[in-house]
Amino acid sequence: MPKEADHMEDGGDKESKEEQRQGASGETVRKRVRANTPSPHRGNTPQASPPRFVSVEELMETAKGVTNMALAHEIMVNQAFQIKPAELPEGSLERRVKEIMHKAFWDCLEAQLKEDPPSYEHAIKLLAEIKETLLSFLLPGHGRLRSQIEEVLDLPLIQQQAENGALDIGRLSQFIVWMMGSLCAPSRDEDIQKLKQITEVVPLLKAIFSVLDLMKVDMANFALSSIRPHLMQQSVEYERNKFQEFLEKQPNALDFTEKWLEDTVKSLQDSAATGGAASDSSLHPLSVHNHAYLRLLRWDHDSDPFPETVLMDQVRFQEMQQEAEQLVLLSSVLLIVYTTTGEAISGLPGLMETLKNTVNVLLADMHTPSFSPQEVLATIGEKLCVELSQCLSQHGYSPFSADRKSALKGQISAAIQPDNTVRMLMESRVHNYLLASLESSQHKTPPPLPGGLAPVSKELKELAVHFSRLVNYNKLVFSPFYQKTLQKILAPGESPGTDT
């Protein structure tokens, strides 16, 4: 499809296409920034500066900056990030207009080729665009393929052949399909085979452009995966500069971040006071900062505004929070089973994994609206009692008595309560492990696993790796802002210089 008809522009428009593909992410960030910006009608925190009027141009520029920052951030923190072809919503006005324009163009091309003699004006423009696209796919070592493309798709020669009535578009189309097969990713082989089965010129050219669009996306993703390891420092500086620009236009853009850190300091001071003595190490800036990140795994996302500096990762922190909550409940149930049943099952091979899988399946939907905690925990108790009774009988132990079954079911059902002793113990151990993983990440040595968490060690270590990776990247980007804020909270009047 020609450039004027299909909007397949390069350069600046590629950026806008990528922004569209990340529309959900970018729009979500902008909405959250607007929603979480303090206003006189909210009682969360006082404004750092009086409100000021801004122009539409400033708003658009700020929104674009936030979107670009969100896109750069997504590329770095999401290893599975891929560019996807933009698809207009079914039945939308834009889609209908596009379809009408495309149909008109291809109908016009077909009419030109059926003239006597045929008119090749639009066809030659298509061949020129195809040639340009094929050349853009080549790597420096593809000298032979480059020569073939230049030789076969020689535009001045094609123009002469058209003027003399000797142009064979069918032959050129076959060469193009063959070249696309040489350059495409293996996942496009099936599409190339379909092209080879099309015999009519116009449908073939139309299909060629559709596959070339997919190959452009494949090439962009290949380039992205190749350069991602080298983008870290540039991305950190880019995000930091973009946020600084945003902060200059929105002076109150750190209000919730400051409140988040202030609340963390207050929580640590209260804990130290309750414990009887204040701990200097707990109020060290690095310790405060790590505890602040840990608080994000206990966040009330419905009522508390998320800190601005971690806003782009709110969904990721929420997912990790849900995963941590599930590990807490899973480990609590397994600990109750083993402490209640005693030595009889402690050494039985495979039993722990069987019980764990049973509980995991039933807890898979624990964060969905349809999840009923009491019903699910009651079901878990029933199933575990059946499995334990069968296992004890197979290994020659006396089966569960009715009283022991009732006691076990009751303890399992009680584990859903937030103030349950076993649950509070396992939650404390899971969070302490995640906190220790942040503190030990600089030394590249994983912390020791607390007692009772061996059954979920694999899942907990994976969670700790993801948590530490996300936190450390956030620290790299926003460290100057955190240093100033923590210095103001912990040591007002002193010059900031603490590494957080």
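The legends below describe close-up views of a predicted model. Local features are given only where pLDDT is at least 70 and side-chain atom pairs only at pLDDT 80 or more, whereas totals for chains, interfaces and linings use all residues. Residues are numbered from 1 along each chain as its sequence is written, and side-chain values use heavy atoms, with hydrogens and water left out.

**Figure 1. Overview of the protein chain.** The secondary structure comes to 20 helices and zero strands. Helices (H or I, at least four residues) and strands (E, at least two) are DSSP runs, numbered from the N terminus. Of the 500 residues in the chain, 41% are buried. Buried means under 20% relative accessible area, exposed means over 50%, and partly exposed lies in between (1.4 Å probe, protein chains only). Among contacts with a separation of 6 or more, 71% are between residues 24 or more positions apart; contact means heavy atoms within 4.5 Å.

**Figure 2. The nonpolar cores and Trp260.** A nonpolar core is a set of buried Ala, Val, Leu, Ile, Met, Phe, Trp, Tyr and Cys residues joined through side-chain atoms within 4.5 Å. The largest one has 74 residues, and those with the most contacts inside it are Trp260, Tyr293, Phe317, Val337, Ile412, Leu434 and Phe467. A second, separate core has 40 residues, including Phe105, Phe137, Ile176 and Met215. Not counting residues up to four places away in sequence, Trp260 touches Ala292, Tyr293, Arg295, Leu296, Trp299, Pro307, Thr309, Val310 and Tyr482.

**Figure 3. Tyr482 in helix H20.** Tyr482 lies in helix H20 and is buried, with a relative accessible area of 1%. The side chains of Tyr482 and Asn474 are joined by a polar contact of 2.7 Å. A polar contact is a pair of N or O atoms within 3.5 Å; within protein, one must be able to donate a hydrogen and the other to accept it, and residues adjacent in sequence count only if both atoms are side-chain atoms. The C-alpha atoms of Tyr482 and Glu258 are separated by 8.6 Å, although the two residues are 224 residues apart along the chain.

**Figure 4. Lys356 in helix H16.** Lys356 belongs to helix H16 (residues 351-363). Lys356 counts as buried because its relative accessible area is 6%. Its side chain makes a polar contact of 2.8 Å with the side chain of Glu459. Beyond its neighbours within four places in sequence, Lys356 is in contact with Leu330, Leu334, Pro455, Val456 and Glu459.

**Figure 5. Leu449 in the loop between helices H19 and H20.** The loop that holds Leu449 runs between helix H19 (421-440) and helix H20 (457-490). Leu449 is partly exposed, with a relative accessible area of 32%. Leaving aside neighbours within four places in sequence, its contacts are Tyr433, Ala454, Ser457 and Leu460. Asn432 is 17 residues from Leu449 along the chain, and their C-alpha atoms are separated by 9.8 Å.

Figure 6. Pro117 is found in the loop between helix H5 (93-113) and helix H6 (121-137). The peptide bond from Asp116 to Pro117 is cis, with omega near 0°. Most peptide bonds are trans.
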